[in-house]
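Please read the points alongside the coordinates.

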Amino acid sequence: MHEYLDQIDTWLARGERVAVATVVRTMGSSPRQVGAKMVVSSGGAMAGSVSGGCIEGAVFEACQEAMERGQARLLHFGVADETAWEVGLACGGMIDVFVEPLT
Amino acid sequence: MAMYYEKLRAAIREGRAVATATLVSGPGQPGAKLLLWPDGSTEGSLGDLSLDTRLLADMAPMLIRGESRLIEYPEPGATVFVESFVPPPALFMVGGVHIAIALAAMARVVGFRTVVVDARSAFASGERFAHVDELVLAWPDEALEGRLDARSCVAVLTHDPKLDDPALRVVLRSPARYIGALGSPSTHARRLERLRAEGFSEAELARIHGPIGLSIGAKTPEEIALSILAQIVKVQRSA
């Protein structure tokens with residue numbers, strides 16, 4: 001988290017809202033460890049990552065939605081998960097990502 | 001939420017450890033937070049005092065170990081993410097040499113708090129080391145005494161026994177995770193002989209990685225810095 005504080009402070013100083021996505025569980029092969037983070041601003045900027053690039057697009061959208069609604073939610077990504085999300089991990093692993101508005 | 005971030009941010013900025021618990025699913029507001037500091041003080045609640053109590057008992061040892069994971073509480077059916085935020089480990093570079101300039105820059109990117117120590121002001125100059133977290137103008141042995149913990153990494157880089165040897169004496173008596181010393185195989189053999197004569201055991205001397213760095217054919221100071229950092233990561237990631 002320490003590596004994103006300056007970025008978050010810059011966004012907040014500009015009057016933007018911020019959402020944080022955190023990897024909370026991994027199963028099988030997954031590119032990032034539990035605790036890996038991606039931070040997103042309401043202005044459309046992002047920093048960090050929660051995978052090797054496979055699901056950041058979907059997580060970015062979920063972060064925007066979390067900021068608009070002011071609601072946190074848990075996302076699940078798996079290789080064969082076609083129900084809720086159409087993106088998956090090419091590596092065959094599964095990860096749970098918690099998305100929450102910071103402000 | 002904002003209160004939570006202010007507290008977390010303050011702890012991280014001040015280099016203090018803190019653990020957060022976040023309600024991921026279950027009864028209550030998803031995203032509700034409970035914070036715990038090493039001194040036992042807390043802030044916030046997941047909205048269920050009985051759950052808070054059990055959670056704090058689980059969080060305390062996790063904070064000490066720097067561990068993060070999901071915990072399921074069948075009663076009341078809550079899933080909680082506990083995350084430990086611990087200050088980054090420090091990399092101490094003994095010697096404000098050319099390799100240290102590159103190593104400090106790379107180590108910062110990898111997530112280390114960087115500290116350069118040298119008693120010579122021409123080497124430990126703010127102009128050369130504007131990019132380090134801490135620049136210490138002092139004799140390395142005095143500067144390192146009492147500052148090394150089990151996560152600390154130390155790269156001894158002066159090439160000068162007058163500076164290197166006293167530093168190694170302090171480092172070898174510490175619980176440091178990684179100890180590396182610059183020098184050719186023959187320089188390192190002479191260094192080990194001197195330390196052996198002072199009474200250090202073979203097991204103690206075996207903690208020193210020398211010649212320092214992974215063997216990748218590095219030639220330039222920047223390449224040598226890369227090989228040192230790669231070796232540090234390898235040691236950190238080994239069980």
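The numbered points below take up the model, its elements, its core and its interface.

1. The structure is a predicted model, in which local features need pLDDT of at least 70 and side-chain atom pairs count only at pLDDT 80 or more, whereas totals for chains, interfaces and linings use all residues. Residues are numbered from 1 along each chain as its sequence is written, and chains are lettered from A and ligands numbered from 1 in the order in which they are written.

2. Chain A contains 2 helices and 5 strands, helices (H or I, at least four residues) and strands (E, at least two) being DSSP runs numbered from the N terminus. Along the sequence the order of elements is α-β-β-β-α-β-β. Of the 103 residues in chain A, 33% are buried; a residue is buried if 20 or more other C-beta atoms lie within 10 Å of its own, exposed if 12 or fewer, and partly exposed in between, with C-beta atoms placed from the backbone.

3. Contacts are counted between residues whose C-beta atoms, placed from the backbone, lie within 7 Å. Among contacts in chain A between residues at least 6 apart in sequence, 56% join residues at least 24 apart.

4. Strand E5 (residues 94-101) of chain A is largely enclosed by the rest of the structure, because 7 of its 8 residues are buried. Strand E1 (residues 18-27) of chain A pairs with E5(A) in the antiparallel sense over 8 bridges, and strand E4 (residues 73-77) of chain A is joined to E5(A), also antiparallel, by 5 bridges. Pairing requires that DSSP find at least two bridges between the strands. A:Asp96 in E5(A) is the bridge partner of A:Arg25 and also of A:His76.

5. Helix H2 (residues 56-69) of chain A has 14 residues, which at 1.5 Å a residue should span 20 Å, and its end C-alpha atoms are 20 Å apart, which agrees. The expected span is 1.5 Å times one less than the number of residues. The buried residues in H2(A) are A:Ala58, A:Val59, A:Cys63, A:Ala66 and A:Met67; their cover includes E1, strand E2 (37-41), E4 and E5 of chain A. Just after H2(A), A:Gly70 adopts a positive phi of about 65°.

6. The largest nonpolar core comprises 46 residues, and those with the most contacts inside it are A:Ala19, A:Ala21, A:Val59, A:Val97, A:Val99 and B:Val80. E1(A) gives the most to this core, with 6 residues. Such a core is a set of buried Ala, Val, Leu, Ile, Met, Phe, Trp, Tyr and Cys residues joined through C-beta atoms within 7 Å. Leaving aside neighbours within four places in sequence, the contacts of A:Ala19 include A:Val40, A:Cys63, A:Ala66, A:Met67 and A:Val99.

7. The contact between the chains takes 15 residues from chain A and 18 residues from chain B. On the side of chain A that touches chain B, the elements giving two or more residues are E1, E4 and E5 of chain A. E5(A) gives the most, with 3 residues. That side of chain A divides into 9 nonpolar, 3 polar and 3 charged residues, where Ala, Val, Leu, Ile, Met, Phe, Trp, Tyr, Cys and Pro count as nonpolar, Asp, Glu, Lys and Arg as charged, and the others, Gly among them, as polar.

8. In chain B, helix H8 (residues 221-237) holds B:Glu222. B:Glu222 counts as partly exposed because it has 15 C-beta neighbours inside 10 Å.

Methods: Two residues are in contact if their C-beta atoms, placed from the backbone, lie within 7 Å.
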